[in-house]
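Notebook open, viewer loaded. I'm jotting down what I look up as I go.

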Amino acid sequence: MQPRAIGDVFLGVKSRRNRSEIEDLRQSGSLKCLFPRRTGKHLDAVLVNTAGGVTGGDAYSCTAEIASDCTLTTQAAERAYRAIGSEPGRVVNRINVGPSARLNWLPQETILFDGCALTRRTYISLQGDAKLLFCEPVVFGRTAMKETIRSGVFSDRVEIHRNGVPVYLDATRMEGDIQQQLDRPFVANSARAMASLVYVAADAESQLDPVRALLPVTAGASLLLPDVLVLRLLAPDGFELRKSLIPVLNQLYQPDLPRCWML
């Protein structure tokens with residue numbers, strides 16, 4: 001039996017004296033939450049995987065109750081390493097965002113390695129006029145290291161509901177020779193990195209044209225609803241993905257991105 005890493009975080013955020021404050025925090029195992037020093041009203045929460053990555057049999061969960069503006073990000077890129085056996089590593093995120101609150105879900109890249117087996121599920125529930133900026137970047141091997149993914153499993157599902165009604169459902173499943181699948185012209189045309197972005201806010205429609213003006217030819221943005229903007233971005237590698245993605249995030253995220261994104 002291989003060692004398994006298990007980590008859980010529960011975070012509650014409330015408004016107090018016109019500032020976002022921690023209401024509740026519980027953490028266990030190899031998933032921790034840090035809170036950088038701040039000067040403004042916004043709360044940044046940084047998830048840290050002290051095990052250094054995810055492999056077969058690992059299990060991580062993040063649960064959050066957000067009643068005031070908060071950004072959830074990660075200290076560094078997550079790594080999905082080679083799994084031994086058929087059991088995948090599992091990551092489950094469940095977040096509830098209350099009325100008038102805003103959640104920025106901005107984890108750094110998930111990097112997949114050859115032989116990885118990762119199952120990830122993210123469920124976000126928005127209440128009333130809650131706002132959301134959601135972004136998930138994925139890198140399929142580091143091209144600078146000449147890494148390829150000739151075998152692996154990547155299963156990812158995102159569900160975003162508003163007042164119990166689904167506004168965004170997305171699922172990705174890749175299995176086997178992932179590099180060969182990415183090489184197909186109508187899959188990724190040899191791209192090795194991608195990002196999905198969802199912006200839910202009253203100004204989503206007015207942001208569509210400015211966002212499109214920032215995109216390369218390998219990306220597209222559209223409106224699912226007048227206040228729901230979605231974007232998909234492909235890039236040859238993680239560096240080019242960030243180069244295209246950060247201007248878009250700066251357009252939709254004010255005033256500044258979390259510091260860990262800028263290092």
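Burial first: I call a residue buried under 20% relative accessible area, exposed over 50% and partly exposed in between, with a 1.4 Å probe and protein chains only. By that cut-off Arg 192 is buried, because its relative accessible area is 11%.

Ground rules. This is a predicted model, so I keep local features only at pLDDT of at least 70 and side-chain atom pairs only at pLDDT 80 or more, while totals for chains, interfaces and linings use all residues. Residues are numbered from 1 along each chain as its sequence is written, and side-chain values use heavy atoms, with hydrogens and water left out.

**Arg 192.** I find Arg 192 in the loop between helix H1 (178–182) and strand S15 (193–200). Helices (H or I, at least four residues) and strands (E, at least two) are DSSP runs, numbered from the N terminus. What does the side chain of Arg 192 make a polar contact with? The partner is the side chain of Asp 183, at 2.8 Å. For me a polar contact is a pair of N or O atoms within 3.5 Å; within protein, one must be able to donate a hydrogen and the other to accept it, and residues adjacent in sequence count only if both atoms are side-chain atoms. Leaving out residues up to four places away in sequence, Arg 192 touches several others, among them Val 139, Phe 140, Gln 179 and Pro 236. Contact here means heavy atoms within 4.5 Å.

**Glu 109.** I looked this one up next: Glu 109 sits in the loop between strand S9 (102–106) and strand S10 (110–112). Glu 109 is buried, with a relative accessible area of 9%. Its side chain makes a polar contact with the side chain of Arg 242 at 2.6 Å. Beyond four places in sequence, Glu 109 also touches residues including Ala 77, Pro 137 and Val 139.

**Sheet.** I traced seven strands in an open sheet, ordered S2-S1-S5-S8-S11-S13-S14, with mixed pairing. Strands S2 (19–29) and S14 (165–175) are at the edges with a single partner strand each, so one side of each has no neighbour in the sheet. Two strands pair if DSSP finds at least two bridges between them. S1 (residues 6–16) and S5 (residues 59–66) run parallel and are joined by eight bridges. I checked one of these: Gly 12 has Glu 65 as its bridge partner in S5.

**Whole chain.** I count four helices and 17 strands. Buried residues make up 50% of the 263 residues. Of the contacts with a separation of 6 or more, 70% join residues 24 or more positions apart.
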